[in-house]
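Please keep the sequence and the three-dimensional view at hand while reading.

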Amino acid sequence: MKQKSMFSILALTVLPTLVGCGSSDSSSSDEDSVTLEVFNIKTETAEQMDALVETFEETHEDIQVNMTTVGGGTDATAALQSKFSSGDEPDIFMLGGLADAQTWEHKLYDVGGIEIAENAIEGTLEGATLNGTVLGVPMNIEGYGWLVNTEIFEKAGIDVASIQSFADFEAAVQTLDEQKAELGLDGVFGFSGGETWVSSQFSSNFFAPEFNNSLKEAYEGETLELTYADRMKEYADMAVEYNARPLEAMDYSTSVEELFASEKVAIIHQGNWIVPTLNSLDETFAEDKLSIVPMFVEDDTEGKIVAGPAWYWGVNKDKDQEVIDASIEFLNWMYTDPEAMTSIINDFEFIPAYTNFSSDDITDPLSNEIYTYLNDGNTVPWVHNSYPDGYGQNTFGVNLQAYAAGQISWDEFTSTLIDTWNDERK
Amino acid sequence: MLTNRSKSFWILLTPAIAALVVVLFIPLTTGMYYSLTDWNGNTVGEFIQFDNYIRAFKDEGFIDSLIFTASFSFLSVLLINVSALGLATLVTQKLGKWNTLFRTVFFMPNLIGGIVLGFIWQFIFNKAFESIGNLTNIDFFKGWLDTPETGFWGLVILFVWQMSGYMMLIYISFLNNIPEEILEAADMDGASPMQIFIRIKLPMLMPAFTVTLFLTLSNAFKLYDQNLALTQGGPFNSTQMTAMNIYNEAFSMRNMGFAQSKAVIFLVIIVIISVIQISVTRKKEISA
């Protein structure tokens, strides 16, 4: 107790002085230089981002970039909120979709006219456009769905490419389950339902068609019908029944790093952001065995995955024009400078959201696959970013856990989903 | 004399009062104000009076978290104090050098931060227990933290382990302050060690209970980081404590005003419980 409070008093008194010194020093050292405060929440690529910033500073001597990286999810929202509340506002920060754009609308600069906004792949700006004003530019494209280990499928005699309908998928799961012992599997699925964000993403597949696969319509959707609840139940039941551990309790690291990477499960619900992690555990995994299987929701034979920009860069408009210009310069540079573009593809392993990149450049097979889905129009957007605040995780995610644990029935589950949605959107 | 004293009294008090005003009273009043509005963190839309409070009492998740927090606190306060007193009695026996060693070892968990503790115990429950379960085939060790019950007990175990050492130190200092002659007199009158403990040491320890009960009770109620690291409130929010419920309401659901009203309710509950506890234990205190 005592040590704790002593420490916090110390921290409270010392920190502001340090921060104060830091900022006053840098601004007074050179009259013409601008220091950009960037608030980044993509921890997976924090190192790459720091390297990229260094390259930027080498070519732009009058602009300095101060990158703050805070871990994803709720913590980042809270950290961003406290930055704004304390008056220490960042110049560039990240938006997770329309809800965030709405929250920060009064702070966001119209970036519709800047170079990269014009380069953006059609439709990718929708998640940050309010009333016709573009408030953010996409960071990258991320896709997710059922990630599978093709090697295990092959051993069980299933060709992943031949899964062309819901029935095929169901049959494949059955086959895998029957051969669980020979294949050395703990379970067919490694669905980390303990992480409510995973469940929230899972829900996108079933919510999107109801809103015509539009982020805007989902964001404005006043009522939820759950048109595709039956198909959702079939998928959810399968995941619950064949999960390696109780679905409601499995966490991310058990699912990805422990079970999937060591081939104890064949299917997980994740996205291309796990590729760097998989590479660090097994260099050949992503290269040789990783693939994505679509979900068959609207149509029994037409499979779709979820793909689109997960994050947008927003520019703070309450700053000096000089700072705003520098911010835009930085964003433009990141996605148009040849050196930066190479880094975005090779070091960040991003799927670019801009047309000036060539699809041939994407080296990672999974990213390439997702990019193909996107080009063929076989994707739905990240609609869970258009749900009411916190709905995906705290309502869908939490209640899916309760359903998986047998605490509530499916009917109770769906009626909670509908009631909460309609209540929040009243 | 009195005026003189009161002058320096107030001057010396000023820094403390200023600090209290800045970090406590101002946030408290603005917080109270925000709890009556539909504040979203940036702008206040309208003044909605007590709507937030009415909504809070109808919010099942909030009520569940209060019940969970209360039962967690009750059980952990009991277990912490029983084990701390037990440990304190043990290490005040005449063991020579070992005394210091044991004291240090028992106190150590308290030096580790809550988040780290949470992850350590998550590892123990998920990995170590699982391995023991697989080796011995005893079901007791399997699936810890997967169910509401094991999540609850996991939190209690973690917290007892963390706090016992600290409370032990407080008990030790009070045990050492019991006058030797009283104990000797009792011994000569033929009282057994057990009788001495119950009839003499326990009553003499009453001031210690005031302190330890207050510390454990308020810490148990406010627990957040251990909760976050160990279970994140899961499965299905069954192990979500009130602090976490409020945090999620504010930063995940972005209902800042509503969350603020929950926080005020929570504050009132903690104040009432603490006041009752202190006044009850104070009455039982006796002087040697």
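Helices (H or I, at least four residues) and strands (E, at least two) are DSSP runs, numbered from the N terminus. The model is a predicted one, in which local features need pLDDT of at least 70 and side-chain atom pairs count only at pLDDT 80 or more, while totals for chains, interfaces and linings use all residues. Residues are numbered from 1 along each chain as its sequence is written, and chains are lettered from A and ligands numbered from 1 in the order in which they are written.

**Chain B overall**

- The C-alpha atoms of chain B fill a box of roughly 75 × 75 × 30 Å along the principal axes.
- Of its 288 residues, 33% count as buried; a residue is buried if 20 or more other C-beta atoms, placed from the backbone, lie within 10 Å of its own, exposed if 12 or fewer, and partly exposed in between.
- Two residues are in contact if their C-beta atoms, placed from the backbone, lie within 7 Å.
- Among contacts in chain B between residues at least 6 apart in sequence, 75% join residues at least 24 apart.

**Helix packing in chain B**

- The axes of α3(B) (residues 60–91) and α6(B) (residues 148–176) come within 6 Å and cross at roughly 40 degrees; axes are lines fitted to C-alpha atoms, for helices over the stretch in contact, and angles run from 0 to 180 degrees between N-to-C directions.
- That angle makes α3(B) oblique to α6(B), given that angles under 35 degrees count as roughly parallel, over 145 as roughly antiparallel, 65 to 115 as roughly perpendicular and the rest as oblique.
- Residues of α3(B) that meet α6(B) include B:Phe72, B:Leu79 and B:Val91, and their counterparts in α6(B) include B:Phe152, B:Met163 and B:Leu175.
- By class, this contact of α3(B) with α6(B) has 20 nonpolar, 4 polar and no charged residues; Ala, Val, Leu, Ile, Met, Phe, Trp, Tyr, Cys and Pro count as nonpolar, Asp, Glu, Lys and Arg as charged, and the others, Gly among them, as polar.
- α3(B) also packs with α9(B) (residues 206–222), at an angle of about 145 degrees and with the axes 9 Å apart.
- The contact of α3(B) with α9(B) has 8 nonpolar, 6 polar and no charged residues.
- In α11(B) (residues 242–251), 9 of the 10 residues are buried, so this helix is largely enclosed by the rest of the structure. Among them are B:Met244, B:Tyr247 and B:Phe251.

**Contact between the chains**

- The contact takes 20 residues from chain A and 14 residues from chain B.
- On the chain A side, α3 (74–85) and α18 (391–404) each supply at least two residues, and the largest share, 6 residues, comes from α18(A).
- That side of chain A has 7 nonpolar, 11 polar and 2 charged residues.

**Features of chain A**

- In α17(A) (residues 365–375), the buried residues are A:Leu366, A:Ser367, A:Ile370, A:Tyr371, A:Tyr373 and A:Leu374. Seen down the helix axis, they fall within an arc of 155 degrees, so they line one face of α17(A); the arc is that of the directions from the helix axis to the C-beta atoms.
- Elements against which these residues pack include β7 (142–149), α13 (275–281) and β11 (303–308) of chain A.
- A:Gly377, which follows α17(A), has a positive phi near 75 degrees.
- A:Asp320 lies in the loop between β12 (312–315) and α15 (321–336) of chain A. A:Asp320 is exposed, with 10 other C-beta atoms within 10 Å.
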